[in-house]
There are 2 protein chains.
Amino acid sequence: MTVKRVPVVARILEANDRMAGEVRKRLAAAGVRAINLISSPGAGKTSLLEATIPRLASRMRVGVVVGDVATTRDAERIAALGVPAVQITTQAMGGACHLEAAAVRLALDRLDLSKLDLLVVENVGNLVCPAEFDVGEEAKVTLLSVTEGEDKPLKYPRTFRVSSLAVITKMDLVPHLRFDLEALRRNLRKVHPKLPVLELSAQTGQGMDAWLDWLSGLKRK
Amino acid sequence: MTVKRVPVVARILEANDRMAGEVRKRLAAAGVRAINLISSPGAGKTSLLEATIPRLASRMRVGVVVGDVATTRDAERIAALGVPAVQITTQAMGGACHLEAAAVRLALDRLDLSKLDLLVVENVGNLVCPAEFDVGEEAKVTLLSVTEGEDKPLKYPRTFRVSSLAVITKMDLVPHLRFDLEALRRNLRKVHPKLPVLELSAQTGQGMDAWLDWLSGLKRK
C-alpha cells in the first residue's frame with residue numbers, strides 16, 4: 001500500500017479519515033469505546049476474543065465487527081458466544097487487505113449501539129495495510145504470536161508505532177520454540193519505546209487478567 | 001489492495017505484467033528458473049531457505065531476492081549461507097505490502113545470473129497483496145505454518161489459487177497445538193483441488209527431500 005507522494009492514495013486516506021470521524025462521533029454519542037485489533041493471519045485475534053468475551057461479560061457488553069477477505073467463519077465463532085457480530089468480507093471490494101472506516105460505518109447500522117460498551121473491530125489478517133486506516137477506534141491493538149519470531153516489530157515498524165498496545169499471544173508455545181522473548185521485547189522497545197506490552201495465552205489463561213483490566217480502563221479518544 | 005474496476009490500479013497491474021515479462025526473459029536467457037515465495041509474516045520463509053540452500057548446493061546454485069517493508073535482516077541471514085542475496089525494502093516505496101516486478105528487475109542488476117540456476121524471490125510477509133503481482137517467476141509457492149490455523153486457505157483463497165505449490169511449515173509443532181491437519185488439507189483442496197501440498201519442518205528436516213525434489217524438477221514457464 002503506497003501512502004506517500006501518490007495523490008489518488010492521499011485522497012483515499014483523507015476520505016477515510018473523514019469517515020472515521022463520523023464513526024467515532026456515533027460511537028461516542030452511544031457511549032461505546034472501540035479498539036482496532038491488528039495482526040498477521042493466524043496470530044490468534046479470534047481465539048483471543050473467544051477467551052475474552054465470556055470473561056469480560058460482567059464488566060462490559062461487547063460487539064464485534066470482523067474483517068476478512070473471504071468467509072464469515074470468524075463472525076460465526078464470535079456470534080456463538082452470544083454477542084453481536086458483523087462480518088465484512090473485502091472480496092467484494094477487490095479483496096482489500098484492510099478494513100476502511102466506510103465499511104465499519106455500514107456495519108454500525110447492523111448493531112444496537114445502545115446495548116454495547118465496547119466495539120472490537122477485528123481487522124483483516126495483515127501486518128502492513130491496516131496501520132494506515134483509522135476506523136474510528138480509541139486504540140489500535142497489535143497482536144503478535146510467539147511463533148512469528150522476534151524480528152517482526154523491526155520488519156513492520158509502522159504498525160507497532162501507531163499501536164497503543166502490543167499483545168504477545170500463544171505464550172504457551174514458548175517452551176516448544178527456538179524463541180528469544182527478551183529479543184522480542186527489545187525490538188518492540190526499539191520501534192516504540194513507550195508501547196505497553198502484554199504477554200498472554202488464550203489457551204492457558206496466562207496474562208488474561210491484565211488484558212481484561214486494560215480493556216476495562218480504555219479511555220475515550 | 002483493490003484490483004478491479006479501478007482504472008489506476010488496472011494500469012499499475014498491466015505495467016507490472018510487462019515488467020515481469022522482461023524479468024522472465026532475462027532469467028530465461030541466463031537459464032535461471034525462479035520461484036516467488038509467499039506467506040504470512042513469520043510462517044518461516046527465511047528459515048526454510050536456510051534449511052534448503054545448503055541441502056540443494058550439490059544440485060542447484062541459488063540466489064535470493066528478499067522483500068521486506070523494513071530491515072535487511074533476511075538478506076543477511078541468506079548471505080551468511082554463502083549465496084548471493086539482495087534485499088529490497090519497500091519502506092522507500094511507501095511501505096508496500098508486496099514486491100513488484102520493477103523492484104525485482106533492479107535486483108537482477110546486482111546478481112551474476114550466469115552463476116545461478118534458481119532465483120528465489122522471498123516476498124513481503126503477507127497473504128493478500130503478493131498474489132496480484134507477477135514478478136517473473138515460474139511458480140508461486142505459498143507457505144502456511146501449522147500455527148496459523150486450518151482456515152487460512154478459505155480466508156485468503158486467491159493466494160492459494162494462483163500458487164503452484166503449498167508448503168505447510170512447522171510440522172514439528174503439531175503435537176503442541178489444537179490443530180486439525182486433515183481439515184487444513186480439505187480446505188486447501190476446496191480452494192484449489194489440484195494444488196500439490198508438501199508438509200515439512202525446517203527444524204527437524206521432515207519433508208525436506210520432497211521439497212528439494214520439487215525445486216530440482218521446476219520447469220520453465
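Biologist: Where in chain B is B:V124 found?
Modeller: Quick note: this is a predicted model, where local features need pLDDT of at least 70, side-chain atom pairs count only at pLDDT 80 or more, and totals for chains, interfaces and linings use all residues. Residues are numbered from 1 along each chain as its sequence is written, chains are lettered from A and ligands numbered from 1 in the order in which they are written, and side-chain values use heavy atoms, leaving out hydrogens and water. Helices (H or I, at least four residues) and strands (E, at least two) are DSSP runs, numbered from the N terminus. On that scheme, B:V124 sits in the loop between β4 (118–122) and β5 (139–145) of chain B.

Biologist: Which residue of chain A is B:V124 in contact with?
Modeller: Contact means heavy atoms within 4.5 Å. Leaving aside neighbours within four places in sequence, B:V124 touches residues of chain B including B:S39, B:T90 and B:P130. From chain A, the list has A:Y156.

Biologist: How many residues of chain A are in contact with chain B?
Modeller: Chain B puts 41 residues into this interface. The area buried between the two chains (accessible area, 1.4 Å probe, lost on putting them together, summed over both) is about 3,300 Å², with carbon and sulfur atoms giving 51%. On the chain A side, the count is 41.

Biologist: What is the N to O distance in the salt bridge of A:D74 and B:K155?
Modeller: A salt bridge here is a side-chain nitrogen of Lys or Arg within 4 Å of a carboxyl oxygen of Asp or Glu. Between chain B and chain A there are 6 salt bridges. For the side chains of A:D74 and B:K155, the distance is 2.6 Å.

Biologist: Why does the pair A:W211 and A:W214 count as stacked?
Modeller: Rings of Phe, Tyr and Trp (its six-membered ring) pair if their centres lie within 6.5 Å; planes under 30 degrees apart count as stacked, over 60 as edge-to-face and the rest as tilted. A:W211 and A:W214 lie 3 residues apart in helix α8 (residues 208–216) of chain A, about one turn. Their ring centres are 6.1 Å apart, and the pair is stacked because the planes are at 5 degrees.

Biologist: What is the angle between the planes of B:W211 and B:W214?
Modeller: This aromatic pair is stacked too, at 6.1 Å centre to centre. The angle between the planes is 10 degrees.
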